[in-house]
Each structure stands twice: as C-alpha cells, then as structure tokens.
Amino acid sequence: LDAATARQRLQSAWDTAIQSGLEVARASWDMGDIPPPNRWPRYETVRVSLLHYLSEQASRRPGAGMNATGWRVTVETWIESPDGRIGGKPDRVEAKPDGVEVVDLKSGASAGGEVPAEYRRQLLIYAFLWHAAHGVWPTSAAVQGPSGDRSSFRVDASEAETVADAAIKQMELFNEAVLKTDDPDALATPSEDNCRY
C-alpha cells in the first residue's frame, strides 16, 4: 500500500473502533450522556500521534507480522503463567534480531528519563509472563508515549521474578481479605485521582 492509502485505512479503522466503543459505553452507562470523543481528555493528541506512528509502522511491514528489519511483532496477545495465577496483555512485544522488547503504550508518558516505578513493575510482569509462555527472557522493556518516543530499561530476570512473585502474593492477600470481610467495598480506595474518569 502507498502511504496515503495506508493512512486512510488506519483512520477508517480508528473511526470504526471509536464509534463501536462509544455505542457500547452509551448502552451500558445510564448515569448521563457520554460526551463525544473529541471532548475526551487528550483524544486528539492520542489519535494524531497513534495514526502517525501506525502509518510509519505499516510502511515498514512487507508481510504479516514482520517488518523489513526482520522484527516479529505481537500486539495485545494474552499471556499467562503456567499455573494460571497471573496473566496480562502487553500492548506490543517486538522480537528483534538482537532480542525481545516488551512495550506498553501510555497516552500520558513522556520520553526520556527513567520509567516510573508503577510502569516498570507492569513491564517486568509482562517480561516474566513472556518468558513463562515462550521460554525466552525479553532483553528490554519500554514505555512509549503518543509521540512514538520511548523510555526503556534492560530486563533483569531475577528482578522480574521477584516483582511477579510479589504481585501474586498481593493478589492472594487481597483475595483472602475479600473472603474474610462482610463489606468488600471497604477494601476500595476511592480518591479524586483514582476515580477521575
């Protein structure tokens, strides 16, 4: 495809996905009207940046799932630990000739500097899950913002295992607390920041 056709198809796919999601949201939300997408926080920034990034990626991909540099890209594919206790769906996993990189797309992320701790934990869990499912440790992990720029770090297998073990323990403690309480709502932590959307 030429660049203009690829961008037009991506825009059409975006519009279809947004309209479908909006219809589902409106059908399931009876607390009032949902504003049109162009009034959602950072909607235009994310739309323009994502379409630009995807257009660039599409122009470099001669075959399904593989681009001209020999990368194999996996997008939003569910992976879980062999025991099924934890799982997740990384936004992108790029298998390159020099190693595997796990990528999480964050609309509010800015490039450069260290990856924030909460994003780092999430990426390390994805790295752990990728290894559990494929037997290969990702060499790096990255957060990518709307501009397409990334902040990344090298994956340390022992750190990923430690973070995954801690997540499993947290989940088990939470599940135990839910079973022991008569008021599960008391376990919630509502705040202006947590509930802003």
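Visitor: Leaving aside neighbours within four places in sequence, which residues is L129 in contact with?
Guide: Heads-up: this is a predicted model, so to speak with cut-offs, local features need pLDDT of at least 70, side-chain atom pairs count only at pLDDT 80 or more, and totals for chains, interfaces and linings use all residues. Residues are numbered from 1 along each chain as its sequence is written, and side-chain values use heavy atoms, leaving out hydrogens and water. With contact meaning heavy atoms within 4.5 Å, and those neighbours set aside, L129 meets I79, E80, S81, I86, G87 and G88.

Visitor: Which residues have the most contacts inside the largest nonpolar core?
Guide: Such a core is a set of buried (under 20% relative accessible area, 1.4 Å probe, protein chains only) Ala, Val, Leu, Ile, Met, Phe, Trp, Tyr and Cys residues joined through side-chain atoms within 4.5 Å. The largest one has 22 residues, and the top spots go to I86, L123, L129 and F153.

Visitor: What supplies the largest share of this core?
Guide: At least two residues each come from β5 (99–105), α3 (117–134), β6 and α4 (157–180). These are DSSP runs numbered from the N terminus: helices (H or I, at least four residues) and strands (E, at least two). With eight residues, the largest share comes from α3.

Visitor: Is S140 buried or exposed?
Guide: S140 sits in strand β6 (residues 140–144). Its relative accessible area is 11%, so S140 counts as buried.

Visitor: Leaving aside neighbours within four places in sequence, which residues is S140 in contact with?
Guide: S140 lies in β6. Beyond those neighbours, its partners are V100, E101, V102, F153, R154 and V155.

Note on methods: Buried means under 20% relative accessible area, exposed over 50%, partly exposed in between (1.4 Å probe, protein chains only).
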